[in-house]
Amino acid sequence: MSERSTRTATRASRRARVNLWDPLTIGIDIGGTKILAGVVDSSGNVVELRRQPTLGHDVVGVENTIVELVHELQQQYDVAAVGVGAAGFVDASRSTVMFSPHLAWRDEPLRARLAGRIAIPVVVDNDANTTALGESRFGAGVGHRFVLCITLGTGIGGAIVMDGRVFRGANGMAGEFGHMQVVPDGHRCPCGNRGCWEQYASGNALEREARELIVARSPVAHRLAEICGGDPARLSGPQVTDAARDGDPLSIELLADVGRWLGTGAAGLVAAFDPNCIVIGGGVSDAGELLLGPTREWMLRSLVGRGHRSEPPILLAELGPQAGFIGAADMARSAARRSRRADRRRERQLERQQLKQQLREQRGEGWFRRSDRPGA
């Protein structure tokens, strides 16, 4: 092997060793009722998991809980960074939670506050973004370049991952699919508008329709009325799903209605983004094929160019409620690598400066100047 080839191979192996640095990181998912914190390795495996209730109306309390969880996990594991997935609008710099519908955050500089109390790099992002990244890297979206993720819970969250990177838009607010208007002058949404998609294809929509039928004393709702003891306010979405699995015709129909709206909206997103696949997660997705079957049917019915284009598969999310903090931990790992590279550059720069100083001291000040040489 030539000297040049040897040098090239040496540089390549050095880069490979650098790229093999895959530290443990902490991912945190902040929801409306609970905070999940996990230590995650570079393959997306959860090494340790912690759970704490969310103090939704206490900003300082939520911050304290996050810091306490991180410090506890740091005592057990050598972690390199922390990633936080927050339920709310996060700005493009991924530092400030501008608004959260379920938590008392308003223009909250969350990253700065946490970084002042945690001695390792901290990154913050919207929880739908971290969930999508987790599913794209380690879950149902593995092997797909363009992944559209839809999360069905109380409302609808979503995100797009392109070539392993979350698309955030100009202001960090891309992916708010649930607030696309699908029915002019439709149901009022907590966001202030009417007819938002999540008012027809979400856990809230499923519960609202079921409760209205119970209130109306519809004979088709007798099974659901039995389940909630005749009190519609006590009926939950998971109970409707369980009833559908047990064969209750109304519950099956209600899930199919949600699937119809979900599939119709998904067709519009396919027209806009042309993804390789659509990953559907969140609590409502626990219904499985009772929901995804109608969703596929109505997406294909509404898809522009149907029959003359590739139809993206609709896949069930694989990581469950852990997707958010797994994705946040992966974001943190990227931040840790960037921080490490920056530290190494500073170290090399300092070493060069020290070497130059040593050379100056060895030669003596002005030794090399022409005016100081004998006979000059």
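Colleague: Where is R217 found?

Modeller: R217 sits in the loop between α5 and α6 (222–227). Helices here are DSSP runs of H or I with at least four residues, strands are runs of E with at least two, and both are numbered from the N terminus. Before we go on, this is a predicted model, where local features need pLDDT of at least 70 and side-chain atom pairs count only at pLDDT 80 or more, while totals for chains, interfaces and linings use all residues. Residues are numbered from 1 along each chain as its sequence is written, and side-chain values use heavy atoms, with hydrogens and water left out.

Colleague: Is R217 buried or exposed?

Modeller: Buried means under 20% relative accessible area, exposed means over 50%, and partly exposed is in between (1.4 Å probe, protein chains only). R217 is exposed, at a relative accessible area of 75%. R217 also has a positive phi of about 55°, although it is not a glycine.

Colleague: What about R94 and its phi?

Modeller: R94 is not a glycine either, and its phi is positive, about 55°. You can find R94 in the loop between β5 (89–90) and β6 (97–99). With 23% relative accessibility, R94 counts as partly exposed.

Colleague: At what angle do α5 and α7 pack?

Modeller: Axes are lines fitted to C-alpha atoms, for helices over the stretch in contact, and angles run from 0 to 180 degrees between N-to-C directions. Helix α5 (residues 203–215) and helix α7 (residues 237–245) pack at about 75°, and their axes are 9 Å apart. That makes α5 roughly perpendicular to α7. The cut-offs are under 35 degrees for roughly parallel, over 145 for roughly antiparallel, 65 to 115 for roughly perpendicular, and oblique for the rest.

Colleague: Which residues make that contact?

Modeller: Contact means heavy atoms within 4.5 Å. L206, E207 and A210 of α5 meet G237, V240 and T241 of α7.

Colleague: How do α8 and α9 pack?

Modeller: Helix α8 (residues 249–273) and helix α9 (residues 289–302) pack at an angle of about 40°, with axes 6 Å apart. The two helices, α8 and α9, are therefore oblique to each other. Among the residues in contact are L255 and L262 in α8, and W298 and M299 in α9.

Colleague: How many disulfides does the structure hold?

Modeller: A disulfide is a pair of cysteine sulfur atoms within 2.5 Å. The structure holds 0 disulfides. For C149, the nearest cysteine sulfur is that of C277, 9.0 Å away. C149 counts as buried, at 2% relative accessibility.
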